[in-house]
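User: Hi! Could you walk me through this one? I'd like to see how the pieces pack together.

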Amino acid sequence: MRVSVKVNGTGHTVDGVEAGESLLRLLRERLGLPGAKNACEQGECGSCTVYLDGVTVCSCLVAAGQADGRQVRTVEGLADGDELDPVQAAFLETGAVQCGFCTPGLLVQTHDLLERNPHPAALEIREALSGNLCRCTGYEKILDAVRLAAARKAR
Ligand code: FES
Ligand code: FES
């Protein structure tokens, strides 16, 4: 199967995509974008989160063929050149990154949250990130990062 998809603003046409192949595999193994992580491959952990036509999805649950003709934005597409997105900078500064496996998904999900709701309440943050699992941080530093990014974006 041939799949044509725009990823982070660049068009790609990929031949030989298999029927059951996931968007996550297409991104990581065929397009060389390893940001989205494969942890559970069952829609449980959120580490593979990307935008598909502006909506966050678990890319392990989306068939690559479903992305044909659509736009994908991955964690690699959040920064503006060398300038980190405020969400990325806040995660680094607050120590919200330990092993880093959950981080790409959390960054995309937090980016989406703050685009939709620049002033999220504590419960709204927890709800928005409830599908993103982290086994390292205990979540407090992640919540600190989201609050810091929200405060900076609000300036
Ligand atoms: S790898 Fe997709 S949700 Fe865990
Ligand atoms: S930093 Fe290791 S899983 Fe979150």
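Predicted model: local features only at pLDDT ≥ 70, side-chain atom pairs only at ≥ 80, totals over all residues.

User: Nice. Which residues make the contact of H2 and H5?

Analyst: On the H2 side they are Pro 86, Val 87, Ala 90, Phe 91, Glu 93 and Thr 94. H5 contributes Lys 141, Asp 144, Ala 145, Leu 148, Ala 149, Arg 152 and Lys 153. By class, the contact of H2 with H5 splits into seven nonpolar, one polar and five charged residues.

User: And at what angle do the axes of H2 and H5 cross?

Analyst: Roughly 135 degrees, with the axes coming within 8 Å. H2 covers residues 86-94 and H5 covers residues 140-153. That angle makes H2 oblique to H5, because over 145 degrees would be needed to count as roughly antiparallel.

User: Got it. What about H2 and H3, how do their axes cross?

Analyst: Those axes come within 9 Å and cross at roughly 130 degrees, so H2 is oblique to H3. The crossing of H2 and H3 is right-handed.

User: Which residues are involved in that contact between H2 and H3?

Analyst: Val 87, Gln 88 and Phe 91 come from H2, and Thr 103, Leu 107, Thr 110, His 111 and Leu 114 from H3. The contact of H2 with H3 has four nonpolar and four polar residues, with no charged ones.

User: Switching to the sheet: what's the strand order?

Analyst: The order is S2-S1-S5-S3-S4, five strands in an open sheet with mixed pairing. The edge strands are S2 (10-14) and S4 (55-58), each of which pairs on one side only. From one strand to the next, the twist averages 35 degrees.

User: Which helix packs on that sheet?

Analyst: Helix H3, residues 103-116, packs there and touches strand S3 (49-52) and S4. The direction of H3 makes about 45 degrees with that of S3.

User: Do S1 and S2 run parallel or antiparallel?

Analyst: Antiparallel: five bridges join S1 (residues 3-7) to S2.

User: Last topic: how is the chain divided into domains?

Analyst: Domain 1 takes in 3-76 and domain 2 takes in 86-153. Taken over C-alpha atoms, the centres of the two are separated by 21 Å.

User: How many residues does each domain put into the contact?

Analyst: 13 residues come from domain 1 and 11 residues from domain 2. On the side of domain 1 that touches domain 2, S3 gives the most, with three residues.

User: And what's the make-up of that side of domain 1?

Analyst: The side of domain 1 that touches domain 2 has seven nonpolar residues, five polar and one charged.

User: Great, that helps me find my way around. Thanks!

Definitions and conventions: Residues numbered from 1 in each chain as written. Chains lettered and ligands numbered in written order. Axes fitted to C-alpha atoms, helices over the stretch in contact; angles between N-to-C directions. Helix = DSSP H or I, 4+ residues; strand = E, 2+ residues; numbered from the N terminus. Parallel < 35°, antiparallel > 145°, perpendicular 65-115°, else oblique. Contact = placed C-beta atoms within 7 Å. Nonpolar A, V, L, I, M, F, W, Y, C, P; charged D, E, K, R; others polar. Pairing = 2+ DSSP bridges. Domains from an automatic or database assignment. Left-handed = near helix turned anticlockwise from the far one by under 90°.
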